[in-house]
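My notes follow as numbered points, to be read beside the sequence and the structure.

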Amino acid sequence: MKRGKKIMIVFFIIILGLVVLIMASYINHRIQLQKEEKLRTPLGQMVEIGGNKMSVYCEGSGDQTLVFMSGGGTCSPILDFKSLYSLLSDEYKIVVVEKFGYGYSDIVDKDREIDSILEDTRAALEGAGVNGPFVLCPHSMSGIEALYWAQKYPEEVEAIIGLDMAVPQAYADYDINMFTIGLGQFAAKTGITRLIPNIAESDAIRFGTLSQEEKEIYRAIFFSRTATNTMINEVKCIKDNASKVASGNKPQIPMLLFISNGTGTGWDKEAWVRYQEDYLSDVVDGQSIELDCPHYIHDHAYESISVSVKDFLLDLRNK
């Protein structure tokens with residue numbers, strides 16, 4: 001047999017093996033999703049918006065309402081923030097809004113321009129019977145939404161507590177690798193992620209205070225809400241969204257920004273800290289606290305953050 005034919009046969013066998021592996025992975029993935037269905041029973045309310053449902057979770061009571069807003073790609077916002085908000089719900093009303101494509105919310109193929117995202121969030125709160133004004137607690141990419149919220153509806157936003165939140169300048173030179181993101185989505189949809197050891201072990205699972213049952217729920221949500229179409233659409237729009245916020249007036253409301261050491265952000269520590277400090281430089285009532293921990297600070301430093309948040313909100317209440 002000629003060498004060229006041997007190479008072609010080997011190549012064909014490899015391709016066929018990959019196809020069989022992917023098909024087997026996909027079939028197993030669908031079977032596991034069915035088995036995990038009970039673990040994905042919504043923890044909060046399901047609010048209908050335009051024929052689709054968004055998840056809103058409420059806990060605690062008080063005269064100040066804290067709205068937790070997740071970063072891009074966080075599969076289970078309700079459980080991701082739990083280690084922190086469980087230390088605050090004894091004094092404040094806690095609300096977690098899971099955007100379309102996240103947590104228990106429906107995956108929808110719709111525009112993720114900043115106005116669309118914000119109006120969905122506001123409609124979800126209204127549908128859940130949650131009224132403002134709000135103290136917004138955004139993590140990472142949702143910092144853009146929180147700032148826009150304060151720009152567009154200043155009467156609804158009492159303050160912003162940034163949990164290592166992104167500011168517009170961070171995205172000015174941000175390089176979005178859609179090929180890598182696409183590979184991640186392919187791996188998630190075909191169940192290949194299930195073959196990667198510990199991939200579902202988020203910071204909330206490893207470092208937070210979730211119970212064993214909550215950890216199992218988190219893992220089940222991870223395999224159904226990773227790199228969803230809605231999340232991908234959000235990433236595609238983030239640079240334009242950040243630019244739109246940057247072109248508006250900077251909200252002059254009380255801000256407390258907790259800033260990580262940059263690990264897990266895609267930027268080095270110096271750049272990451274500088275973006276947020278520069279943003280605060282001309283916010284009259286702005287302050288920051290640097291933390292020596294990775295990007296998901298609410299899963300690492302939840303105790304110290306809760307103390308600082310309570311002090312900040314007490315000062316805010318007394319003003």
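**Notes on the sheet and its packing**

1. Phe68 stands opposite Val96 in S4. The two residues belong to strand S3 (residues 65-69) and strand S4 (residues 93-98), which pair in the parallel sense over five bridges; strands here are DSSP runs of E with at least two residues, helices are runs of H or I with at least four, and both are numbered from the N terminus, while two strands pair if DSSP finds at least two bridges between them.

2. Please keep in mind that this is a predicted model, in which local features need pLDDT of at least 70 and side-chain atom pairs count only at pLDDT 80 or more, whereas totals for chains, interfaces and linings use all residues. Residues are numbered from 1 along each chain as its sequence is written, and side-chain values use heavy atoms, with hydrogens and water left out.

3. The sheet as a whole is open and has eight strands in the order S1-S2-S4-S3-S5-S6-S7-S8, with mixed pairing. Its edges are strand S1 (45-49) and strand S8 (286-290), each of which pairs on one side only.

4. Strand S5 (134-140) is joined to S3 by five bridges, and these two strands run parallel; Met69 has Pro138 in S5 as its bridge partner. S5 also pairs with S6 in the parallel sense over five bridges, and there Phe134 has Val157 as its partner. Seven of the seven residues of S5 are buried, so the strand is largely enclosed by the rest of the structure; buried means under 20% relative accessible area, with exposed over 50% and partly exposed in between (1.4 Å probe, protein chains only).

5. Helix H5 (residues 142-152) packs on the sheet, touching S3, S5, strand S6 (157-165) and strand S7 (255-259), and its direction makes about 150 degrees with that of S5. Contact means heavy atoms within 4.5 Å, and axes are lines fitted to C-alpha atoms, for helices over the stretch in contact, with angles from 0 to 180 degrees between N-to-C directions. Helix H11 (residues 302-318) also packs on the sheet, touching S3, S5, S6, S7 and S8, at about 160 degrees to the direction of S6.

6. Leaving aside residues up to four places away in sequence, Ile160 touches, among others, Leu136, Ala146 and Met255.
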